[in-house]
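Trainee: I would like to go through this model and ask what stands behind each label.
Mentor: Go ahead.

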Amino acid sequence: MKLFSREQIYEADQQTIKKQDITSTELMDRAGSQIFNWMHLRLQGAQVPIHVFCGIGNNGGDGLVLTQHLISHGYHVTTYIVNYSHKRSKDFLINYDKVKSMTKTWPVVLEDNEAFPEINQEDIIVDAVFGIGLNRPVPDWVKDLFIHFRKTKAFTLSIDVPSGLFLDQPVKDEDAVVWAGYTLSFASPKLVFFLPETAKYTAQWEVLDIGLDQEYLMSTKTEADLIGKHEVLPLYMPRDKFSHKGTFGHTLIIGGSYGKIGAVILSSRAALSAGSGLVSAYVPKCGYIPLQSSFPEAMVLTDRDENEITEISFDLKPTVIGMGMGLGTSPNTLDAFEAFLKNNKTPLVIDADAINLLSKNKALLKLLPIHSVLTPHPKELERLIGTWSDDFEKLEKVKSFSKKYHAVVVIKGANTITVFQEKIYINTTGNPGLATAGSGDVLTGIITGLIAQSYSALAAAIFGVYLHGKAADITIEDYGYQSLTATHVIEYMGKAYLDLFEQPQQLPQEEPKEDN
Ligand SMILES: NC(=O)C1=CN([C@@H]2O[C@H](COP(=O)(O)OP(=O)(O)OC[C@H]3O[C@@H](n4cnc5c(N)ncnc54)[C@H](OP(=O)(O)O)[C@@H]3O)[C@@H](O)[C@H]2O)[C@@H](O)CC1
Ligand SMILES: [K+]
């Protein structure tokens, strides 16, 4: 799913109005009616007090359309105009007049220095104060209103975006934003719903289709895409009946040091579960027995040293190499890594200590083959690209890094983000159960195993992150968040693949009656 920018959404608006020959008021009607339908389906006329807070622009206008439907369906609704500016949008005014003509209880106009209405915890707040038109800091008294919302603990439904949240700027004051329980967003979810610093402002979100011009939406390229099943299915490469294990490549996993051989076992097993035809592991001598006994499918090569990697040389031709897990960063290992990079031509997936080695010796970065995949967690990323002041700056820095080194960067997190050059891909699978030892090693193994099967580096990163998260999502149905382990994720990879082709459940059909 594409994540449209603010400018693109305004443009989609204009194109829709032009091509469908409708007025902006009619488009607003669609928006407000969709919000109403969503609420009506859930409330079924329940007499819970609903407080609709409207700004003076089109977000407020949407709120006023909602109000009209709520009133005509007999809901217990109070409408407020948050009068933060004396300007009014045309469609706001049209709907303001409609509301006033249908009820004797006109909307309550809230101004600076006025008491805020009493709201109980069981009530519902609808937040239509600011939408995507927010372009400067929220006035202090409106901020106080948002604090008031939060204090009431009432369920808060935001229209389009939680008010006070900028689409392209960090939040400087978290009290100046509405903390939504749910956001109903038009056209597409907004990038800020997925960034670590701003995701918390809406607990849940949903997109409402207001019939914007399909041609514009389809043909417009976005800076960010949201990755779900629909997006990864076209990446999936079906298997040919006449294929053999050589068809699916040979993964080599290089890593491990004394006490950290498990990381290599996890990565190697994950590469095989992702579908790599062959898997070999290159480890210090101490890793030989653990690997051979716990993972019989793998071939094992060892360093001359007992406890750490001191030389990387092997006599096989892997399709791809995944490296860094449990590697350590000792001077000997660094020397081996540097010598390896100078001669290596095989595609690489780089994780953990291999990233740390690159961060400490930035000159080595230019030795990476093009389209190498790096899979840092936030701390590793910081070592690699330096600190950032906010998520937007972080993404810009990662994009520059990706362009400079022609690398695919996978930023691990609650919503793992894959960056390649100018474009970002936000994953939607995965859960807090993945915050567990070894889950990163498994991810690296999966991505490496996909490249072995001739997925491109970018496709492998996007698809691998998706499958890893999906396997974890299926695992928690059996194990819950706490008991999920990295090994489960490997074992549930098959289910993650099968889920790609699972049809949505259909209602049982009635048997046709036989005539006699
Ligand atoms: N295709 C779609 O998605 C559709 C979208 N629709 C809806 O339209 C919404 C966008 O509406 P919008 O452009 O009128 O802006 P909105 O957010 O209501 O702000 C109002 C005005 O406030 C001002 N202002 C800004 N910051 C301020 C501040 N800190 N303090 C004080 N004032 C401030 C600023 O005006 P300015 O003063 O800068 O001239 C701004 O214009 C969108 O979110 C969706 O809900 C649907 O109706 C139809 C289909
Ligand atoms: K809003």
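Trainee: Which residues are closest to ligand 1, and how many surround it?
Mentor: This is a predicted model, and in it 33 residues surround ligand 1, the closest being G57, N58, N59, G131 and G133. Helix 1 (6–19), helix 2 (24–43) and helix 3 (58–72) are the elements that give two or more residues to that shell.

Trainee: What makes a residue count as part of that shell?
Mentor: Its C-beta atom, placed from the backbone, has to lie within 6 Å of the molecule. On that basis helix 3 gives the most to the shell around ligand 1, with five residues. By class the shell has 17 nonpolar, eleven polar and five charged residues.

Trainee: Where does UniProt place the feature "binding site"?
Mentor: The unreviewed UniProt entry puts it at K412, G413, A414, N415, T416 and G440.

Trainee: How do you know that these positions gather at one spot?
Mentor: They span 29 residues in sequence, but no two of their C-alpha atoms are more than 13.8 Å apart, so they gather at one spot.

Trainee: Why is T416 called buried?
Mentor: The cut-off for buried is 20 or more other C-beta atoms within 10 Å. T416 has 26 of them within 10 Å, so T416 is buried. Apart from neighbours within four places in sequence, T416 is in contact with V410, I411, N427, G430 and V465.

Trainee: Why is A414 called partly exposed?
Mentor: Partly exposed lies between the limits of 12 or fewer for exposed and 20 or more for buried. A414 has 14 other C-beta atoms within 10 Å, so A414 is partly exposed. A414 lies in the loop between strand 16 (408–411) and strand 17 (417–420), and T416 is found in the loop between strand 16 and strand 17 as well.

Trainee: What makes strand 16 and strand 17 a pair?
Mentor: Pairing needs at least two bridges found by DSSP. Strand 16 and strand 17 have four bridges, in the antiparallel sense, and V410 stands opposite T418 in strand 17. A hairpin through five residues joins strand 16 to strand 17.

Trainee: How many bridges join strand 15 to strand 16?
Mentor: Two bridges join strand 15 (residues 373–374) to strand 16, and these strands run parallel. With at least two required, they count as a pair. V373 has V408 in strand 16 as its bridge partner.

Trainee: Which way do the residues of strand 16 point?
Mentor: V408 and V410 point one way, V409 and I411 the other way, and all are buried. In a regular strand the side chains alternate between the two faces of the sheet.

Trainee: Why are strand 1 and strand 12 called edges of the sheet?
Mentor: The open sheet has eleven strands in the order 1-9-18-17-16-15-14-13-10-11-12, with mixed pairing. Strand 1 (2–3) and strand 12 (299–302) each have a single partner strand, so one side of each is left without a neighbour in the sheet. Strand 1 pairs with strand 9 (residues 224–227) in the antiparallel sense over two bridges, where K2 stands opposite D225.

Trainee: What does the domain assignment give for the protein chain?
Mentor: It gives domain 1 (2–220) and domain 2 (246–499). Their centres, taken over C-alpha atoms, are separated by 43 Å. The contact takes eight residues from domain 1 and seven residues from domain 2.

Trainee: Where does UniProt place the feature "domain: YjeF C-terminal"?
Mentor: The unreviewed entry places it at residues 228–500. Over residues 228–500 the chain is 45% helix and 14% strand, with the end C-alpha atoms 10 Å apart.

Trainee: How many helices and strands does the protein chain have?
Mentor: The secondary structure comes to 17 helices and 18 strands. Of the 516 residues, 47% count as buried.

Terms used. Residues numbered from 1 in each chain as written. Chains lettered and ligands numbered in written order. Predicted model: local features only at pLDDT ≥ 70, side-chain atom pairs only at ≥ 80, totals over all residues. UniProt positions renumbered as here; feature names shortened; annotations may be inferred. Contact = placed C-beta atoms within 7 Å. Nonpolar A, V, L, I, M, F, W, Y, C, P; charged D, E, K, R; others polar. Domains from an automatic or database assignment.
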